[in-house]
Amino acid sequence: MIQIGQFNTLEILRDTEPGLFLGDADNNEVLLPNRYVPEYFEIGEKIEVFVYLDNDERIIATTTQPFIVNGEFAMLRCNEVTKFGAFLDFGLVKELFCPFKEQAFPMKKGGWYLVHCYLDEVTERLVASSKTNRFLDNKELTVEQFDQVDIIVSHPSDLGMNVIVNNKHTGLIYKDNIFQDISVGDKLKGIVKKIRPGNKLDISLGEIGYRNIEPNADKLMQELTDNNGYLPVTDKSNPEKIKNLLQMSKKTFKKAVGTLYKKKLIELKEDGIYLNKQD
């Protein structure tokens, strides 16, 4: 079955005046217009295409990579607002429609918005919604503590930054665990730091416990190398200074320093850390 709003690997059936007709194993067909036809092709070979409804509501294929597909989240720019709703740029000739009822806040032309793309079951049109939380569910978690996860920064709160976890769940990065500049729409790697009652997910941008000692020790070594073997910080330095210089907490910094010191890779002095010269 050809999936609208998704990438499909289809067979090239025939070359016609308007373009190539592609088909699946169930004898469904879709047109790949001439503008997207590759320079070299053979009848019978397979090609990956994105399938959607064009401006005339015809099912059509394209080799262009859209900014978002059905079931995903992404930051998109609003090209226009009409009496029907907002139209967003998602990388194709046709724009992605976001009805007023699906806007968490009224969209404005030129603004950027985090949206979820879904397929309207009645019209089979791709539609956007900035009410992202309604597409997320923490009732049955698919992650466990210490799992590495893909996150998308969703929106700020008084506690920190809300995130989308693995395109399925909601999570929160507390302010105390944010040691780098992050913005809504950023796609990052994170760790499930803790699962609270009610399946609330605490997410960390760094790895946890013993897991983060080696990666951060390596990072500290790289910083020392990049700065001629010296960093003006010690275990007595202000946490804010450590955060600004190394994008890590003081606790993580001290663990990293301890690892390098035990390996005799660094020397600790009152004015900072020195890289030991290797023979």
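**View 1. Lysine and arginine charges over tyrosine rings.** R134 lies over the face of Y118, at 5.7 Å from the ring centre. The model shown here and in the other views is a predicted one. A second case involves a lysine: K269 sits over the face of Y274, and its distance from the ring centre is 4.7 Å.

**View 2. Salt bridges around D54 and R58.** Eight salt bridges are counted in the model. One of them joins R58 to D54, with 3.0 Å between the closest N and O atoms. D54 counts as buried because its relative accessibility is 8%, under the 20% cut-off.

**View 3. The salt bridge between E57 and K94.** E57 and K94 form a salt bridge whose closest N and O atoms are 4.0 Å apart. This pair links distant parts of the chain, the two residues being 37 residues apart. E57 is in the loop between strand 4 (46–53) and strand 5 (59–62), and K94 is in the loop between strand 7 (85–89) and strand 8 (96–99). Which of these side chains is buried and which is partly exposed? E57 is partly exposed, at a relative accessible area of 37%. K94, at 16% relative accessibility, counts as buried.

**View 4. The salt bridge between R196 and D202.** The side chains of R196 and D202 meet in a salt bridge with an N to O distance of 2.5 Å. R196 counts as partly exposed, with 31% relative accessibility. D202 is buried because its relative accessible area is 5%, under the 20% cut-off.

**View 5. Strand 15 and its partner strands.** Strand 15 covers residues 200–204 and is mostly covered, with four of its five residues buried. Strand 13 (residues 169–174) runs parallel to strand 15 and is joined to it by two bridges. Within this pairing, L172 has D202 of strand 15 as its bridge partner. Strand 14 (residues 187–196) runs antiparallel to strand 15, and five bridges join the two. V192 stands opposite I203 of strand 15. Strand 14 and strand 15 make a hairpin with three residues between the strands, where G198 takes a positive phi near 85°. In a regular strand, side chains alternate between the two faces of the sheet.

**View 6. Helix 3 and its buried face.** Helix 3 (residues 250–262) has 13 residues. From its first C-alpha to its last it reaches 18 Å, close to the 18 Å expected at 1.5 Å a residue. Which residues of helix 3 are buried? They are T252, F253, A256, V257, T259 and L260. Seen down the axis of helix 3, these buried residues fall within an arc of 160°, so they line one face of the helix. An α-helix has 3.6 residues a turn, so residues three or four places apart point the same way. The exposed residues K251 and K262 are carried on the face of helix 3 that is turned away from its buried side. After helix 3 comes K264, which has a positive phi, near 60°.

**View 7. Aromatic pairs.** Five aromatic pairs are counted in the model. One of them is formed by F87 and F97, which are tilted, with 5.1 Å from centre to centre and 40° between the planes. This pair links distant parts of the chain: F87 is in strand 7 and F97 in strand 8, 10 residues apart. F87 counts as partly exposed, at 22% relative accessibility. F97 is likewise partly exposed, and its relative accessible area is 22%. Elsewhere, ring pairs link F7, F50 and Y52 into a cluster.

**View 8. The start of the chain.** M1 is placed in the segment before strand 1 (7–15). Is M1 buried or exposed? M1 counts as exposed because its relative accessibility is 70%, over the 50% cut-off. M1 and D24 are 23 residues apart in sequence, and their C-alpha atoms are 6.6 Å apart in space.

How values were computed
Residues are numbered from 1 along each chain as its sequence is written. This is a predicted model: local features need pLDDT of at least 70, side-chain atom pairs count only at pLDDT 80 or more; totals for chains, interfaces and linings use all residues. Side-chain values use heavy atoms; hydrogens and water are left out. Buried means under 20% relative accessible area, exposed over 50%, partly exposed in between (1.4 Å probe, protein chains only). Two strands pair if DSSP finds at least two bridges between them. The expected span of a helix is 1.5 Å times one less than its number of residues. The arc is that of the directions from the helix axis to the C-beta atoms. Rings of Phe, Tyr and Trp (its six-membered ring) pair if their centres lie within 6.5 Å; planes under 30 degrees apart count as stacked, over 60 as edge-to-face and the rest as tilted. A charge sits over a ring if NZ of Lys or CZ of Arg is within 6 Å of the ring centre and within 35 degrees of the ring normal.
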